[in-house]
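Dear colleague,

I am passing on the structure below, and after it I have written out what was found. Please read the notes with the structure open beside them.

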Amino acid sequence: MRKSLRVAALATTCTVAGAVLYGTVATADQDRPRATKEPHNIGLLVGEIDAYYGATKGADGVWKSSPDSPYAKDLARIQAKAKKDIKKAARKAHHGHGEKPAIVLDVDDTALLSFDYEKSTNFTYNNDSWDAYVKAAKRPAVFGMPELVKYAKSKGVEVFFLTGLAESQRDGAVTNLAKAGYDTRLDRTHVFTKDKVNPPAYLSHCATPAAWKCDTVQFKEGTRKHIESTGYDIVGSFGDQVSDLAGGYADKTYKLPNPTYFVG
């Protein structure tokens, strides 16, 4: 379930958006968090997000993040740590421990940056506009992530992508990943999408063609378990949401920053 920050003047909207941004899923009205004090001002909050990303709008109308931004610097710190861990894990694997090392990456705001979509829609998610945006395949890479993938592959580590994007959005995602510089296998055995029409057997505990009941954690946990069942040891799992990483089947997890929306 994706919840976005909505820029509006209504106090109720501000309350829900603030709760979403700080990690609380607002569901039914009776479950909605009740503010005990005035929430963070939403206009100031958007300004802080812009500063964090180093937001600039190009002549083409596309919002971009700066490679010198605090966001980019936070990414670089996480990636530097991950590369050390990958090197160590690869060396251990190549000394006869059997299972092949692998890393798993989420796509949205882990591999591909959707900051332009968030800014252009005032941080408001809409199924139709998001679908068109994904299928346009014009997103830039998240800073440093193609280089991380290249580094992992140079150490003999296999790379998989695991995304909550729908199966109908696969072509857009794969095309975009290739255009953004991900020089790795992007076939169906390496890019896993959410196929609600024909769910895989390894998700039978929560998904059938008649009813998809997997939440994000169940979907991603179950897919990582499947990857490991094919002979891989997932030495690192990367995502911008806690739900990307929860559930196990990864030796280490790496949470990338994303203050623009929450996926439960």
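A cavity, as the word is used here, is a set of points on a 1 Å grid over the protein atoms alone where a 1.4 Å probe fits but cannot get out, whereas a pocket is an open set with protein on both sides within 12 Å along at least five of seven lines; lining residues have an atom within 4 Å of a point. Grid points are joined across faces, edges and corners, and a volume is the space filled by probe spheres set on the points.

This is a predicted model, in which local features need pLDDT of at least 70 and side-chain atom pairs count only at pLDDT 80 or more, while totals for chains, interfaces and linings use all residues. Residues are numbered from 1 along each chain as its sequence is written, and side-chain values use heavy atoms, with hydrogens and water left out.

By this rule there is 1 cavity of 30 Å³ or more, and the largest cavity has a volume of about 40 Å³. Its lining consists of Val104, Leu105, Asp106, Leu162, Lys220, Arg224, Ser237, Phe238 and Asp244, and the elements that give two or more residues to this lining are β4, α8 and β9. Helices (H or I, at least four residues) and strands (E, at least two) are DSSP runs, numbered from the N terminus.

The largest pocket has a volume of about 630 Å³. It is lined by 26 residues, of which Arg2, Tyr125, Gly164, Leu165 and Lys194 lie nearest its centre. Two or more lining residues come from each of α5 (127-136), β5 (158-166), α8 (216-229) and β11 (261-263), and the largest share, 4 residues, comes from β5. By class, the pocket lining has 10 nonpolar, 7 polar and 9 charged residues, where Ala, Val, Leu, Ile, Met, Phe, Trp, Tyr, Cys and Pro count as nonpolar, Asp, Glu, Lys and Arg as charged, and the others, Gly among them, as polar.

Turning to the fold, the protein chain has 9 helices and 11 strands. An open sheet is formed by 5 strands in the order β6-β5-β4-β9-β10, with parallel pairing; two strands pair if DSSP finds at least two bridges between them. The edge strands, each pairing on one side only, are β6 (191-194) and β10 (253-255), and the twist averages 20° from one strand to the next.

Contact means heavy atoms within 4.5 Å, and axes are lines fitted to C-alpha atoms, for helices over the stretch in contact, with angles running from 0 to 180 degrees between N-to-C directions.

Buried residues make up 45% of the 264 residues in the protein chain, buried meaning under 20% relative accessible area, exposed over 50%, and partly exposed in between (1.4 Å probe, protein chains only). Trp212, in strand β8 (residues 211-212), counts as buried because its relative accessibility is 18%.

Best regards
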